Amino acid sequence: MSQSAQTIHPAMELRGVSVSFGSVRALQDIDIKVYPGEVHCLLGDNGAGKSTLIKVLSGVHRPTKGEILVDGKPVVFRSPRDAQDLGVATVFQDLGMISLMSITRNFFLGREPTRSSLPFSRIDKEGANNIARQAMADIGIDVRDPTQAVGTLSGGERQSVAIARAVHFGARVLILDEPTSALGVHQAAMVLKFIIEARMRGLAVIFISHNIHHAYPVGDTFTLLNRGRNRGTYAKSDISRDEVISIMSGGEDLKAVEAEIAGLLAQIGNRSPAIAS
Amino acid sequence: MAAVEDKAIPSDIPAPGSLASDRFGMTSKRAAGADERLASTGRLTQWLRRPEAGAAGGLLATIIIFALLPGAANLYSLQGSMTFLTLSAELGIIATAAALLIIAGEFDLSVGSMVGFAGVVIGLTVKYWGLPLWGGIACAFAVAILTGYVNGLIVVKTRLPSFIVTLASLYILRGLSIGITRAVTGRTQIPYILDGAPDPGTSALFNGHIFAGLFHWMGSQGWIATRSDGIPFVAGIPMSIVWWLGLTALAGYVLTQTKYGNWIFATGGDLNAARNVGVPVDRVKISLFIYTACAATLLATIQVMEAGSADTTRGLLKEFEAIIAAVIGGVLLTGGYGTVYGVLFGALIFGLVQMGIFYTGIDTDWFKVFLGIVILMAVLVNNYIRLKALGRGGGK
């Protein structure tokens, strides 16, 4: 995996990234490379450091140690805006949508299209509505009315707005935090289809999911996090679905839990005649 | 993989092109195959969903109630109307600013004290420092910008509730007004400010009238009441009303049509989400604190020009009246939602009730009872409208 062997730079790379909050080491020495046209799945139990890692990638947290590279160049994200300006778009689990504002206003928030650069120039609302509706249509969502409040949308529709927004603003790296967890079967399938489309367009996708049925089919690469450390990165050809399941559900830990449960069941089994009598 | 690449799009979604004619999606005849679960929303519902709907209805009701009470003829005469419009204007100037700040998720309780303090600054600089009138006013605005900046900076940096931070400013500014004035003049009022500072241009800007010629002509035609010397009782439209309507229109434009307005909504709607997409939330808040302080100073300037004096107790309780007008106008106290046009109606209700009670001869003690009831009703209506806006509650 030497740098010279690669003809292309990773779209995004973390080198030896550590993050500490006071005495808590949330991430230690993380190395991750995400290539254009690759879906990179981050796996790990609660508390493994997935959320912190996403926040580092998206510019919410700054690493205590280590560096971030975008297209092979070291960068410093002082704010989420810096990350976005370099094409790193994140759809957070809470979606970052403002429910009392319209779809269009949410879509363009922070990047409102104005007709001139004067400080109080008018937003091109009609143009914005059309772009928002078209961007949504592109990913297969029928927006009835782009001026309706986001609060009136279903969870899946909100997710779609968030993804459409991330992609529309020229994302090179798309980070999706649990994008399918709140969705029904149909809508989840749509999001997955969209992830594949994004990959085919050459985007690097970082996909966080708890659901193996969602992660395994679309993922090219799988990185396992545990207790703030990278426990290994595997290509899809190197790892089976069952192995991923084992990793995601806790692996060795789960075996211990299973043994414990078996022990408990055995005890109950022994006692059950006594209860019956 | 195969499962994923299946056609996942439900077949009942029309092609994007079929939507093109349906610009705002509010027409009732929908393209065949549109989501049948979406009930069409009528024009009335559309209108009722506007945040200023409650205030407009409330204003209409108030106008009708006072029209039926004795004294209506006086209240709705040209003179009576101009009086309550002036009251509404003076409140509206600060209420509009308060509304923008509330939409951005913060309060400024120091507005009333700022009115008193700005008046004192004008009075002292003009009368005791010998500054020209415009210089004194400029000083007052400079002090306002500084005060608003400090209020905003403390709120943004400490993340303390603005309610408590500006409550402190309320006392500090009021105390400074009284303390400084008494130390310099030995009293709590500064009279005859304008006497030594003839500056008719500046004075007219804040205390003049527009359409004076028109009103004079109407008087000469006998259409409106005139004094014995032929000058009409209502010399024109007072500048306070011009300032009020101008600032409301400007604030309305900024809030709904510009980038900055979008940021105001977002800052109050969800601070973190707004920050994460790159909205400069701190700058938005600080600038609005500066705006409320400047609006208070504008009101103070108008009052000083009108009365020719400054009084350290001016603007007492104005901060609450401003918040009340904003809430009656449909601004959500929790932020993120509201319009300045609603606040215009809110200020009108306020002025109308205040003068209406005076003209009808009802004991003015009852004004506060009425006010309390109006506030309660406004909040209930607002809550209902917000749920409507989100398409929940109230049903069809």
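In this predicted model, two helices of chain B, α5(B) and α14(B), are roughly antiparallel to each other, because the angle at which they cross, roughly 175 degrees, lies over 145 degrees, the limit from which that description applies. Helix α5 covers residues 78-103 of chain B and helix α14 covers residues 281-307 of chain B, and their axes come within 8 Å. On the side of α5(B), the contact involves Glu90(B), Ile93(B), Ile94(B), Ala97(B), Ala98(B), Leu100(B) and Leu101(B), while the residues that α14(B) contributes include Leu288(B), Phe289(B), Tyr291(B), Thr292(B) and Ile302(B). Sorted by class, the residues of this contact are 14 nonpolar, 1 polar and 1 charged.

Of the 277 residues in chain A, 45% are buried. If one takes the contacts in chain A between residues at least 6 apart in sequence, 68% of them join residues that are at least 24 apart.

One sheet of chain A is an open one of 4 strands, arranged in the order β2-β1-β4-β5 with antiparallel pairing. Its edge strands are β2 and β5 (73-75) of chain A, each of which pairs on one side only, and from one strand to the next the twist averages 30 degrees. Within this sheet, β1 (residues 12-21) of chain A is joined to β4 (residues 65-70) of chain A by 5 bridges in the antiparallel sense, and Leu14(A) stands opposite Ile68(A) of β4(A). Strand β1(A) also runs antiparallel to β2 (residues 24-34) of chain A, with 7 bridges between the two. Among the residue pairs to look for here, Ser20(A) has Arg25(A) of β2(A) as its bridge partner, and Val19(A) has Leu27(A) of β2(A). The hairpin of β1(A) and β2(A) has 2 residues between the strands, and in this hairpin Gly22(A) takes a positive phi near 60 degrees.

Another open sheet of chain A is formed by 6 strands in the order β6-β7-β8-β3-β9-β10, and its pairing is mixed. At its edges stand β6 (88-91) and β10 (229-235) of chain A, and each has a single partner strand, so one side of each is left without a neighbour in the sheet. Here the twist from one strand to the next averages 15 degrees.

Helix α5 (residues 155-168) of chain A lies across β6 and β7 (173-177) of chain A and runs at about 175 degrees to β6(A). Helix α6 (residues 185-200) of chain A packs on the sheet, where it touches β3 (39-43), β7 and β8 (204-208) of chain A, and its direction makes about 155 degrees with that of β8(A).

Chain A averages a pLDDT of 82, and 92% of its residues score at least 70. Where pLDDT is low, the predicted coordinates should not be read in detail.

Methods: Residues are numbered from 1 along each chain as its sequence is written. Chains are lettered from A and ligands numbered from 1 in the order in which they are written. This is a predicted model: local features need pLDDT of at least 70, side-chain atom pairs count only at pLDDT 80 or more; totals for chains, interfaces and linings use all residues. Two strands pair if DSSP finds at least two bridges between them. Axes are lines fitted to C-alpha atoms, for helices over the stretch in contact, and angles run from 0 to 180 degrees between N-to-C directions. Two residues are in contact if their C-beta atoms, placed from the backbone, lie within 7 Å. pLDDT is the predictor's confidence in each residue, from 0 to 100. A residue is buried if 20 or more other C-beta atoms lie within 10 Å of its own, exposed if 12 or fewer, and partly exposed in between; C-beta atoms are placed from the backbone. Angles under 35 degrees count as roughly parallel, over 145 as roughly antiparallel, 65 to 115 as roughly perpendicular and the rest as oblique. Ala, Val, Leu, Ile, Met, Phe, Trp, Tyr, Cys and Pro count as nonpolar, Asp, Glu, Lys and Arg as charged, and the others, Gly among them, as polar.
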